[in-house]
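Please read these notes with the model open beside you, and take the points in order.

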Amino acid sequence: MGNNSKSGSIFWVYIFGFLVAFSSAFTAYIDSSFVATLVPQKYVGSVFTVAYIFVIFCFLLIPYILRRLGNFITTLSLISLQLCVLLGLVFIKTPTWLIFFVIFNLTAIPLVIFLADIFLEGFSSNKRTGVIRGIYLTAVNLAWVLAQIIRGSILTDNNYQLIYLTSFSILVPLLLTLVIGLRKFNDSNYESGNVLLTLKSVLGNKNIFNIFMVNFLLSFFYAIMVIYTPIYLSKNLGFSWKEISWIFSIMLLPFVFIQLPLGYIADKALGEKELLSIGFIIMAISSGIIFFINDGSLALWATILFITRIGAATVEVMGNTYFFKKVDSINANVISYFRMSGPLAYIFGSLFGTIMLTFFISNIQGLFLILGLIMLFGVKFSLSLEDTK
């Protein structure tokens, strides 16, 4: 790993991560509702499935791209394309093109997050991984909370174009942050992108495989929640987008307040696997409870979704901390596979939702009960990890 102390500061990576999250958070919870205005509700998941198939393909290619272009040029090019796509979502009216632009934007976001990982890992040391990841995730999730609050005040009468324009406007200072703070980033000698060898190394390492499954299950949880919770709250329960934004703002607070302390605890006290198991248990119980809630109270929904995210925030920071204690930025292939487990879970999640709603259950509410049961598998994979200490 190159010495980046002379070519930048981790502070710029924190700012970069904040702005990436701020831009993507504006669109994340409205994408499914926007797509639902273009296709029947039961087929919304299919659009997400196509998007994340493209993500998988891009993750397979990106180690080759990094070796040729470096992280800075790759990131600069991708964000520039994303700017054009967001403008298309603002000004184009043709449904087919709009679906294409949504798919491209959904593809770009996890790729930019992965590239931010490469920047961050270039400044990280194993002894401080928990704290560094905790600060980074706190900045990222603060952006998510702020985005929910702001979006609630500007999204009226389903004016989705205004949200996409806001996301576009945030990418402009993001590009400036990239150019000013990270243009001299010293790339590592990234490993060659041999798919079979990387897959073999992942499957052959028990701890890496188990943490991959942890990330897969967390991303599966996010897939169901991100795609179907906004639709359920707006279409089935009749909440306005302003009310939904406040619910989501409260829901996301655990990501802001508990991840940095948990990162410190993981470095100094408890091992990651114990906290991972607790997080999955919280996610399982709270997600399952949603099936039994028929009340339309804003406070009740904010509370139960808040509890689900206590579990998710715990799993997220512990999973990231454990994984990045095991790999360095030079392992771009392994990092890309780790991030690829997220889009793969979104493919399974969106397909799962589409199949369940088409053939097996009559309403979205039933998905949450099944989701809770699936999250219990996370306890098995968490307890199978060896402690990093």
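1. On a 1 Å grid over the protein atoms alone, a pocket is an open set of points with protein on both sides within 12 Å along at least five of seven lines, a cavity is a set of points where a 1.4 Å probe fits but cannot get out, and lining residues have an atom within 4 Å of a point. Grid points are joined across faces, edges and corners, and a volume is the space filled by probe spheres set on the points. With these terms, the largest pocket holds about 350 Å³ of space.

2. This is a predicted model, in which local features need pLDDT of at least 70 and side-chain atom pairs count only at pLDDT 80 or more, while totals for chains, interfaces and linings use all residues. Residues are numbered from 1 along each chain as its sequence is written, and side-chain values use heavy atoms, with hydrogens and water left out.

3. Which residues lie nearest the centre of the largest pocket? They are Cys58, Leu78, Phe104, Thr107 and Leu111, out of 17 lining residues. Helix 3 (44-91) and helix 4 (95-122) each supply at least two residues of this lining, and helix 3 gives the most, with eleven residues; helices here are DSSP runs (H or I, at least four residues), numbered from the N terminus. The lining of the largest pocket has 14 nonpolar, three polar and no charged residues, where Ala, Val, Leu, Ile, Met, Phe, Trp, Tyr, Cys and Pro count as nonpolar, Asp, Glu, Lys and Arg as charged, and the others, Gly among them, as polar.

4. The structure also holds four cavities of 30 Å³ or more, and in the largest cavity there is about 890 Å³ of space. Of the 37 residues that line the largest cavity, Ile113, Trp144, Tyr222, Glu316 and Tyr346 are the closest to its centre. The elements giving two or more residues to this lining are helix 1 (10-28), helix 3, helix 4, helix 5 (129-154), helix 8, helix 13 and helix 14 (332-360). By class, the lining of the largest cavity has 23 nonpolar, eight polar and six charged residues.

5. The second largest cavity holds about 60 Å³, and its lining divides into six nonpolar, three polar and no charged residues. The largest share of that lining, three residues, comes from helix 1.

6. How do two of the helices named above pack? Helix 8 (residues 206-236) and helix 13 (residues 298-326) have axes 10 Å apart, at an angle of about 150°; axes are lines fitted to C-alpha atoms, for helices over the stretch in contact, and angles run from 0 to 180 degrees between N-to-C directions. The two helices, helix 8 and helix 13, are therefore roughly antiparallel to each other, a term used for angles over 145 degrees. The residues of their contact (heavy atoms within 4.5 Å) divide into 16 nonpolar, four polar and three charged.

7. For a second pair, the axes of helix 3 and helix 6 come within 9 Å and cross at roughly 160°, and helix 3 and helix 6 are therefore roughly antiparallel to each other. In the contact of helix 3 with helix 6, the residues divide into 18 nonpolar, five polar and no charged.

Technical notes. Angles under 35 degrees count as roughly parallel, over 145 as roughly antiparallel, 65 to 115 as roughly perpendicular and the rest as oblique.
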